[in-house]
Amino acid sequence: MKAKYIFIAIFIALVALTTTAHIKRIQEYPTYGAPRFGTERYWQDVIQEEIGGEKEYRLDDGTRVDLLFEKQACEIDWADKWAEGVGQSIYYGLKTRRAPLVILLAKKDGWEKYRDRVQYCGVDCWVYDTIIEEWVDKE
């Protein structure tokens with residue numbers, strides 16, 4: 001019985017040490033645990049620094065436009081989430097009376113089919129490659 005309590009005490013101590021180390025690592029390295037190619041928010045910041053626009057513009061219903069330009073309301077999304085980007089950008093465009101724009105974030109080859117789908121829906125689409133960190137398709 002005594003061995004059981006010793007095992008439980010050691011187990012609790014190990015969990016506490018591991019948790020503390022993990023929390024410290026997260027605080028020291030904010031990207032620890034982030035996706036390999038960065039988060040959508042990270043790339044939103046990178047793109048906004050490069051081309052401007054008002055970031056996270058809040059609409060009257062609480063939704064937020066990723067980037068709001070003088071003539072466009074922009075949704076930034078990963079290429080394989082193109083359909084979500086289309087829907088959100090159209091909604092934001094209607095709410096702000098601006099043209100919808102989708103910026104797709106590409107992390108591998110094959111992004112062209114997603115861009116084509118967005119454009120087929122009648123929405124302007126730009127593509128930013130997160131590997132080489134530059135525009136691969138921008139009108």
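This is a short tour of a predicted model, stop by stop. Residues are numbered from 1 along each chain as its sequence is written. Local features need pLDDT of at least 70 and side-chain atom pairs count only at pLDDT 80 or more, while totals for chains, interfaces and linings use all residues; side-chain values use heavy atoms, without hydrogens and water.

**Stop 1: the sheet.** Show the strands (DSSP runs of E, at least two residues, numbered from the N terminus, as are helices, which are runs of H or I of at least four). You will find an open sheet of six strands in the order 1-2-3-4-5-6, with mixed pairing. Its edge strands, strand 1 (54-58) and strand 6 (134-137), each pair on one side only. Two strands pair if DSSP finds at least two bridges between them.

**Stop 2: strands 2 and 3.** Select residues 64-68 and 72-78, which pair in the antiparallel sense over two bridges. Here Leu-68 stands opposite Ala-73 in strand 3.

**Stop 3: the aromatic rings.** Select Tyr-42, Trp-43, Trp-126, Tyr-128 and Trp-135, which form one aromatic cluster. Rings of Phe, Tyr and Trp (its six-membered ring) pair if their centres lie within 6.5 Å; planes under 30 degrees apart count as stacked, over 60 as edge-to-face and the rest as tilted. How are Tyr-128 and Trp-135 arranged? Their pair is edge-to-face, 5.1 Å centre to centre with 85° between the planes. Both Tyr-128 and Trp-135 are buried (under 20% relative accessible area, with exposed over 50% and partly exposed in between; 1.4 Å probe, protein chains only).
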